[in-house]
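Please examine the sequence and the three-dimensional model shown here before reading on. The paragraphs that follow move from the whole chain to its details.

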Amino acid sequence: MGRGISLSSISSGHQTFLYDKNEDVLKKASGFIIAQVDKQVQKGQLTSQDAENRILLIRCVQDMNQIGTSDIVIEAIIESFDAKEQLFSEIEASGLHEKAILATNTSSLSVNVLSKNRKNSNSFI
């Protein structure tokens with residue numbers, strides 16, 4: 001799921017950080033995104049230069065502190081309340097600025113419940 005969100009983000013021209021503690025996961029995710037961009041070039045939907053520009057917007061990071069300056073952070077991890085709660089706490093501790101939007105990609109958990117322990121629940125979606 002996170003790969004599709006990231007692909008949409010770079011397609012809109014946004015600097016996009018892919019975060020995971022596991023380097024292999026990051027390589028697979030970025031490889032998938034690059035392959036999708038390449039398919040767009042092959043179909044004539046995108047120029048090679050535009051594809052290169054999009055790919056340059058991807059940053060794979062294993063250090064949570066590197067995402068602290070982001071304006072929006074979208075999690076896309078397993079559907080586990082505890083896992084999401086832990087990740088959100090780590091994101092907030094990374095120095096995420098107070099006006100940043102913290103978003104969940106949940107399909108089954110209550111967004112209201114997930115927002116309760118957030119520093120700025122008004123910026124949680």
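Predicted model: local features only at pLDDT ≥ 70, side-chain atom pairs only at ≥ 80, totals over all residues.

Residues are numbered from 1 along each chain as its sequence is written, and side-chain values use heavy atoms, with hydrogens and water left out.

The protein chain contains 5 helices and 4 strands; helices (H or I, at least four residues) and strands (E, at least two) are DSSP runs, numbered from the N terminus. Read from the N terminus, the order of these elements is α-β-α-α-β-β-α-β-α. The radius of gyration of the protein chain is 15 Å, close to the 14 Å that the globule rule gives for 125 residues, so the chain is as compact as a globular protein of that length. Here the radius is taken over C-alpha atoms, and the rule is 2.2 Å times the number of residues to the power 0.38. Along its principal axes, the C-alpha trace spans about 45 × 25 × 25 Å. Of the 125 residues, 33% count as buried, where buried means under 20% relative accessible area, exposed over 50%, and partly exposed in between (1.4 Å probe, protein chains only).

Strand 1 runs parallel to strand 2 (residues 58-61), and 4 bridges join them; two strands pair if DSSP finds at least two bridges between them. In this pairing, Thr16 stands opposite Ile58.

Which residues lie nearest the centre of the largest pocket? They are Phe17, Leu18, Tyr19, Ile74 and Ala76, out of 34 lining residues. Helix 1 (2-11), strand 1 (16-19), helix 2 (23-42), strand 3 (72-75) and helix 4 (81-93) each supply at least two residues of this lining. On a 1 Å grid over the protein atoms alone, a pocket is an open set of points where a 1.4 Å probe fits, with protein on both sides within 12 Å along at least five of seven lines; lining residues have an atom within 4 Å of a point.

Finally, Ser80 is located in the loop between strand 3 and helix 4. Ser80 is partly exposed, with a relative accessible area of 23%.
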